[in-house]
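Hi,

Here is the structure I promised to pass on.

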Amino acid sequence: MTKGSRWDNAQGGYAIGNAERPLLKAKIGWLDALAQDTQEYYFPNNTGGGPSVKSRYVTALYFTFTSLTSVGFGNVAPNTDAEKIFTICVMLVGSLMYASIFGNVSAIIQRLYSGTARYHTQMLRVREFIRFHQIPNPLRQRLEEYFQHAWTYTNGIDMNSVLKGFPECLQADICLHLNRNLLNNCSAFEAASPGCLRALSLKFKTTHAPPGDILVHKGDVLTYLYFIARGSIEILKDDVVMAILGKW
């Protein structure tokens, strides 16, 4: 709620009290209570007098703020039916205003920490899997390290599941963009046509290997061709480093 609307509410409260005061048989309105507190009494037959205009408006504005931000402090209180109805409306507006503010703040905080919440949720699933299947400690550590390593590079976003909802032509353009460095800089693709590069880019799958992980063991059947996009790979034989392969 803006400052102008609060001032309008203050004017509304003052207008109700001022219009209702001459009609009351018992002087119980908030303006009469203010006159009693300030000892600035109204003249008989409503011919004038009473608190100053400044005092009336400041008190009305104070009452509006206390009603909007809380339930009031009681030093300025509604006594007549019209004043009570007006106060109920002000309190309802204040409740809606604070519900909107707190709802928006909660949504902003939730968006800020959504990535962290997703990380902890996925990590919890990994640990529950490890505990349920009683995976021994060395393999358990490898699972957790791989998850953390992969999350660092992907932020928990599975590219394949994201691309699955798009048409194949758009998938090809996206994959071509994602693999542009490999396709442009690797000598194996220098003579490839644009159509061939689009088809190849759809077949590429990005995988992440944490330090110390073994991609291929001796005697394994090779079903993939690996291109190193980041980091390096050691070729071992009997625990002796035979070669180090780096980025294409």
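The second largest pocket is lined by Met159, Asn160, Leu163, Lys164, Gln171, Cys175, Ser201, Leu202, Lys203, Phe204 and Lys205. Keep in mind that this is a predicted model. The space in that pocket comes to about 160 Å³. Helix H7 (159-163), H8 and helix H10 (194-203) each give at least two residues to the lining. Sorted by class, the lining has 5 nonpolar, 3 polar and 3 charged residues.

Beyond its neighbours within four places in sequence, Leu176 touches Leu183, Leu197, Arg198 and Ser201. Leu176 counts as partly exposed because its relative accessibility is 28%.

Now for the salt bridges, of which there are 4 in the count. What joins Asp173 and Arg198? Their side chains meet in a salt bridge, 2.3 Å from N to O. Asp173 belongs to helix H8 and Arg198 to helix H10, so this pair ties together parts 25 residues apart in sequence. Both ends are partly exposed, Asp173 with a relative accessible area of 40% and Arg198 with 28%.

Arg142 pairs with Asp213, and their closest N and O atoms are 2.8 Å apart. Since Arg142 lies in helix H6 and Asp213 in the loop between H10 and strand S1 (233-237), the pair ties together parts that are 71 residues apart in sequence. Arg142 is partly exposed at 45% relative accessible area, and Asp213 is partly exposed at 29%.

Glu144 and Arg127 form another salt bridge, at 3.8 Å from N to O. This one links Glu144 in helix H6 (residues 137-154) to Arg127 in helix H5 (residues 114-133), 17 residues away. Is Glu144 buried or exposed? With a relative accessible area of 17%, Glu144 is buried, whereas Arg127 is partly exposed at 39%. Through shared partners, salt bridges join Arg127, Arg140 and Glu144 into one network.

One last item, from the records: an unreviewed UniProt entry places "transmembrane region" features at residues 57-73 and 85-109. In the model, the span 85-109 is 100% helix and 0% strand, and its end C-alpha atoms lie 36 Å apart.

Cheers

Note on methods. Residues are numbered from 1 along each chain as its sequence is written. This is a predicted model: local features need pLDDT of at least 70, side-chain atom pairs count only at pLDDT 80 or more; totals for chains, interfaces and linings use all residues. Side-chain values use heavy atoms; hydrogens and water are left out. UniProt positions are given in the numbering used here, feature names are shortened, and annotations may be inferred rather than shown by experiment. Helices (H or I, at least four residues) and strands (E, at least two) are DSSP runs, numbered from the N terminus. Buried means under 20% relative accessible area, exposed over 50%, partly exposed in between (1.4 Å probe, protein chains only). Contact means heavy atoms within 4.5 Å. On a 1 Å grid over the protein atoms alone, a cavity is a set of points where a 1.4 Å probe fits but cannot get out, and a pocket is an open set with protein on both sides within 12 Å along at least five of seven lines; lining residues have an atom within 4 Å of a point. Grid points are joined across faces, edges and corners, and a volume is the space filled by probe spheres set on the points. Ala, Val, Leu, Ile, Met, Phe, Trp, Tyr, Cys and Pro count as nonpolar, Asp, Glu, Lys and Arg as charged, and the others, Gly among them, as polar.
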